[in-house]
Amino acid sequence: MTTGTGGRRPSVERLTVLYDAQCSLCVHLRQWLMKQRQLVPLDLVPAASEEARRRFPGLDHAGTLDEITVIGDRGQIYRGTSAWIVCLWALADHRPRSHWLTTPAGRPFARATVLAAAKYRSLTATPCGDGDGTCAVPGSGD
């Protein structure tokens, strides 16, 4: 895929989104992402799952349960606000908004949205594991 890049490979051709499969908000957002027209394909993988550990053995998987983490196909790692912005950047209908969210005017809005989602998640998510970053992922047999 070299079109429009002056013969160079684009910086990101695929993204992996690690989401908390125990969080109803996270699962809802996963389903929403899957329904969107993607300019950059998104692989949605439960955080701290066997699949996530197999794909990214050097990653802090306990940390991926604390905040959304997105990994680019060239090893880029995005967390928190940047992860949400890059997810929107991957979507056809939301790329312009993602660019605005990286501006001085938009960044505070993006940060506030991520903080509100984190607060909602903290109030509604069922705690799991023993503080060791391991949670049973639905359908994983754990």
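What share of the contacts in the protein between residues at least 6 apart in sequence join residues at least 24 apart? I found 63%, where contact means heavy atoms within 4.5 Å.

**Ground rules.** This is a predicted model, so I note that local features need pLDDT of at least 70 and side-chain atom pairs count only at pLDDT 80 or more, while totals for chains, interfaces and linings use all residues. Residues are numbered from 1 along each chain as its sequence is written, and side-chain values use heavy atoms, with hydrogens and water left out.

**Confidence.** I checked pLDDT, the predictor's confidence in each residue from 0 to 100. The protein averages 84, and 80% of the residues score at least 70. Residues 1–5 fall below 50, and this stretch has seven contacts in the model beyond near neighbours in sequence. Residues 136–142 also stay under 50, with twelve contacts beyond four places in sequence.

**Layout.** I counted six helices and four strands, taking DSSP runs numbered from the N terminus (helices H or I, at least four residues; strands E, at least two). Along the sequence the pattern reads β-α-β-α-α-β-β-α-α-α.

**Burial.** Of the 142 residues, 41% count as buried, meaning under 20% relative accessible area, with exposed over 50% and partly exposed in between (1.4 Å probe, protein chains only). I then looked at α4, where seven of the ten residues are buried. Among them are Ile85, Val86 and Leu88. The buried residues of α4 pack against β1 (15–19), α1 (24–35), β3 (69–72), β4 (77–79), α5 (95–101) and α6.

**The α4 and α6 pair.** How do α4 (residues 80–89) and α6 (residues 107–124) pack? I get an angle of about 105° with the axes 9 Å apart. Axes are lines fitted to C-alpha atoms, for helices over the stretch in contact, and angles run from 0 to 180 degrees between N-to-C directions. The two helices are therefore roughly perpendicular, a label for 65 to 115 degrees (under 35 is roughly parallel, over 145 roughly antiparallel, the rest oblique). Gly80, Thr81, Ser82, Trp84 and Ile85 in α4 meet Arg107, Ala110, Arg111 and Val114 in α6.

**Cysteines.** I looked for disulfides, pairs of cysteine sulfur atoms within 2.5 Å, and the count is zero. Cys23 is buried at a relative accessible area of 1%, and Cys26 is buried at 17%.
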